[in-house]
Amino acid sequence: MQVNKYRPLIVAFCCNWCSYAGADLAGNNRLNYPADVKIIRVPCSCRVNPSFVLRAFQRGADGVIICGCHPGDCHYTSGNYYTRRRMALLFSMLDYLGIERERTRLEWVSAAEGAKFAATMNDFAEQVAALGENKRLEDLRCKR
Amino acid sequence: MQKINRDVLIDRAISLLNSGQVSSVLGWRQGEFFYDVTPAVFTDENDIRENFVWNDFCGANFSKYLVSKTKASDGKILVFLKPCDTYSFNQLLTEHRFDREKVYVIGIPCEGMVDTGKLKAQVGDGLVSAQSTEEGLLVTTLYSDEPVNVDIKSVLAERCINCKSKKHVAYDELLGDEGQIEDSDRFDEVARIEAMSPDERFAFWQGELSRCIRCNACRDVCPACTCEKCVFDNPVSGVENKAPVNSFEEKMFHIIRAFHVAGRCTDCGECSRVCPQNIPLHLLNRKFIKDINGFYGEYQAGECVGSRAPLVDYNLEDLEASDVFEGRDTQ
Ligand code: SF4
Ligand code: SF4
Ligand code: FES
């Protein structure tokens, strides 16, 4: 038996109206996705201030994924369009600083897409696990 | 050498003050040394005659001071703005940070400002005086017998070498001729960093940012940073002070700082000017500007009052976050 096998810590911000419901559907349908994924429910993907993403990394996340309604479907009409711009710029900046670009992702998942939710999380968790621990964005001040 | 000399500025300041059109003047005054010229408020004619400074060391951008000064004053304030300062001025107006009616702007042409660090690197420490000549500066120091001739181009601040515009985008009165928007190479350095491998980029930024002493000068000077309460002062933010380890913790501060001004940063260069550690903060700001230009179309913050900053705007056809790296193969 393998003990202490490295498991990534993944934070998934999911908007209440689509992606969180998508996660629910995945659960109801008994679709597997790794327990390493910790979901944080937000009212809308645009609630995710870029500093939330940084804060997650600072406190030890190995990967951060933001999920929201598909463009055009945001419960608040346009929230996810702002999210899209913010995250595009943030991801590009992290890359510019030499931080692995595979640690961040933005994905649109609707309430009907339980299968997509599970597949996305499986894929993302695998991708992050392959990178190993988040060293470049860790913050010793926040490590316990 | 600056095109307009000090006497012209002083004359205008005194006549506006004496006619009662303005009640105070925001200008430069000599600090501890001749090269550390600091912003000051003048209300007295004699004080202006004696202490008003205008030379190649007047880097400070006064726009941000208007936020607090207009609140504190009932009368109008006369402010002298260089071309790049007027962009910050407009950006602040766009964000409704002060009352335009309370300000009288005199635009002054700028031939570029000296980076004291570069000057010291060239002639050594102990600067005593510098006299502007046609081609440059005649500098005397404590340790050289003869004054040294310095080519002005070799000591200009980075932001002046890569000046984006000599055009005033806001003024009530302009001294000298109307300038032009310049062709600058300000994104070359960003492109050079982009072309590095991730490991090299990480090492580069670790080298730069770990020198940060978290004095917060870059935040304090920035005309786009005018919130009354700042996350960096919040004791539970985790980024409120310097990390007590010899590591790279300050990256959080820097990403947040640069992101906070993304789309609103006019690239005035004040942050890099004031950094005591010579951290090239403009390379972070310009990365955002370059990306915004590339992803969402050319945008210059502060070019006109009332324009919508790219991060509070969107387009249905905007690129997806996953497409950001398309065509960039450095991995
Ligand atoms: S971030 Fe720097 S260059 Fe941009 S507006 Fe602020 S001080 Fe000026
Ligand atoms: S001015 Fe320089 S040293 Fe001070 S906080 Fe900003 S980057 Fe750090
Ligand atoms: S409510 Fe789902 S993205 Fe806005």
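Which residue of chain A forms a salt bridge with B:Asp318, and how far apart are the closest N and O atoms? The partner is A:Arg85, with the closest N and O atoms 2.8 Å apart. The legends below describe close-up views of a predicted model.

**Figure 1. The salt bridge between B:Asp318 and A:Arg85.** The view shows one of the salt bridges between chain B and chain A, which number four. Polar contacts between chain B and chain A amount to 15 residue pairs, with both residues of each pair at pLDDT 80 or more.

**Figure 2. The side of chain B that touches chain A.** Polar contact between chain B and chain A involves 15 residue pairs. Four elements of chain B give two or more residues to this side: α7 (188–194), α8 (198–209), α10 and α12 (282–296). Of these, α12(B) gives the most, with eight residues. By class, the residues on this side are 29 nonpolar, six polar and 15 charged. In the contact, 50 residues of chain B meet 34 residues of chain A. About 3900 Å² is buried between chain B and chain A, and carbon and sulfur atoms give 62% of that area.

**Figure 3. The shell around ligand 2.** Ligand 2 is surrounded by 14 residues. The closest are B:Cys212, B:Cys215, B:Asn216, B:Cys218 and B:Cys275. The elements of chain B that give two or more residues to this shell are α9 (217–221) and α10 (250–260). The shell is made up of ten nonpolar residues, three polar residues and one charged residue. Helix α10 of chain B also gives two or more residues to the side of chain B that touches chain A.

**Figure 4. The contact between domain 1 and domain 2 of chain B.** Chain B is divided into domain 1 (1–114 + 159–184), domain 2 (116–155) and domain 3 (186–331). Eight residues of domain 1 and 15 residues of domain 2 take part in the contact between these two domains of chain B. The C-alpha centres of domain 1 and domain 2 of chain B are 25 Å apart. The two domains bury about 980 Å² between them, of which 64% comes from carbon and sulfur atoms. On the domain 1 side, B:Met1, B:Phe34 and B:Val114 lose the most area to domain 2, together 56% of what that side buries. There are zero salt bridges between domain 1 and domain 2 of chain B, and one residue pair is in polar contact across their interface, both residues being at pLDDT 80 or more. The side of domain 1 that touches domain 2 has seven nonpolar residues, no polar residues and one charged residue.

**Figure 5. The salt bridge between B:Arg12 and B:Glu173.** The closest N and O atoms of this pair are 2.6 Å apart. B:Arg12 lies in helix α1 (residues 6–18) of chain B, and B:Glu173 lies in strand β9 (residues 173–174) of chain B. The pair links distant parts of the chain, the two residues being 161 residues apart. Over all chains, a search of the whole structure finds 31 salt bridges.

Conventions. Residues numbered from 1 in each chain as written. Chains lettered and ligands numbered in written order. Predicted model: local features only at pLDDT ≥ 70, side-chain atom pairs only at ≥ 80, totals over all residues. Heavy atoms only, no water. Domains from an automatic or database assignment. Contact = heavy atoms within 4.5 Å. Buried area = accessible area lost by both parts, 1.4 Å probe. Salt bridge = Lys/Arg side-chain N within 4 Å of Asp/Glu carboxyl O. Polar contact = N/O pair within 3.5 Å; in protein donor to acceptor, adjacent residues only side chain to side chain. Nonpolar A, V, L, I, M, F, W, Y, C, P; charged D, E, K, R; others polar. Near = heavy atom within 4 Å.
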